[in-house]
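Subject: Structure for your files

Hello,

Please find the structure below. My notes on it follow.

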Amino acid sequence: MNLPGYYSSGQFARMAGVTVRTIRFYDRQNILKPSYVNHSGARFYTDSDLARLQQILLLKYLGFSLDDIREMTIGDTDYHFLRNSLNLQKKLVQDRIEQMQLVESAIEDTVRTIEEEHQIDWSHMLELIHLTGMEKSLKHQYQNATNISARIRLHRDYSANRQGWFPWIYEQCQIADGLRVLELGGGNGALWTENLSLLPEHVHICLSDISEGMLRDARRNIGQEDPRFSFHAFDCADIPFPDKSFDLVIAGHVLFYCRDLPRVFREVRRVLTPEGHFLCSTYGKEHMKEISSLVQQFDSRIVLSAEKLYEQFGLENGQTLLQPFFTSIRCLRYEDSITLYQAEPLIEYILSCHGNQNQILLEHYKDFRSFTEKKTAKGFHITKDAGIFLCEK
């Protein structure tokens, strides 16, 4: 039986360069199910299945387990998602190359020590063990980078305010020649990559994040050779710099993740110069409320975030939380909204959230896509409620 656009298991395996046994194994493991099974039990696959298989094979090559791969791939891969997935997988390959280079260097150092001193340098061996263990963080890094990229793309590509969030934040920083800047939770360095041409020549910016993976992305995006930047991994509740080290400290959309805000604020105040400023961004309770409403209409069980982060540190309560530690606190709101006429960026954003949506939506992806397409056909409005607190020490 010939089905237009469908391939038999044998055809599909040959196209992918794998065995039929491999295809059947992925089917049994619920990683790659056929698009169609006829009454005789024959399995048929499509071009979308081939794109998904490409993703599976690359992740397997990079060392991920089948359980990891099952969580990291989505049930329906169209070109929109495939493009984003390929870009992220490229970054993942770059990370693995960097890690293997570090492992190679550690092995060479250990061998050299054995040859020259006829004994094992246990510190080098311990370093080697730590480096080979770095791969355990790759899954979290991959997923985190995917989620951050999805959220940035929605705001960057579809917001009404054409200035853009990061250029607006940079404008509020008023960075002048000679300024010493610390960014907490700097992520992939988007604040700086979007404003590099405006940055004075003689400034020093310490970009920090708790994730080494995000810092690797930042180094790549900004450039290793830019002398204005240094990169450090640490928790913002324990800043490893002396008192009065910085003229400006920036915390962009990170404070609502901090479990001990008073400790963070004390640390920020400690490292600020007497005339220093603290700029921190967050959002309010109205932010993106239409998206939560949309998924609830589709399935009332869906919760996009287990926590209401604006209750931890938001536009409504931020000033009260900051007041014991800073003076002259001003709240500035970023005027913006989003209107969408297509489903893909909205779905991508929803899948990037931290709630239980993927457990429900990925099993009903085609139904949810159809539902979202109807909602966006005549324009889907999204409220944005974000801004900053600008504080003096």
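Overall make-up

The protein chain of this predicted model has 17 helices and 12 strands, both taken as DSSP runs numbered from the N terminus (helices H or I, at least four residues; strands E, at least two). Residues are numbered from 1 along each chain as its sequence is written. Local features need pLDDT of at least 70, side-chain atom pairs count only at pLDDT 80 or more, totals for chains, interfaces and linings use all residues, and side-chain values use heavy atoms, without hydrogens and water.

Of the 393 residues, 48% count as buried (under 20% relative accessible area; exposed is over 50%, partly exposed in between; 1.4 Å probe, protein chains only).

Aromatic rings

There are 23 aromatic pairs in the structure (Phe, Tyr and Trp rings, the last by its six-membered ring, with centres within 6.5 Å; planes under 30 degrees apart are stacked, over 60 edge-to-face, the rest tilted). The ring centres of F256 and Y257 lie 5.0 Å apart with planes at 80°, so this pair is edge-to-face. F256 is buried at 3% relative accessible area, while Y257 is partly exposed at 44%. Ring pairs also join F265, F278, F313, F325, F326 and F389 in a cluster.

Helices α12 and α17

The axes of α12 (residues 289–298) and α17 (residues 365–376) come within 11 Å and cross at roughly 130° (lines fitted to C-alpha atoms over the stretch in contact; angles run from 0 to 180 degrees between N-to-C directions). That makes α12 oblique to α17 (under 35 degrees is roughly parallel, over 145 roughly antiparallel, 65 to 115 roughly perpendicular, the rest oblique). On the α12 side, L294, V295, Q297 and F298 meet D367, F368, F371, T372 and K375 of α17 (contact: heavy atoms within 4.5 Å).

Regards
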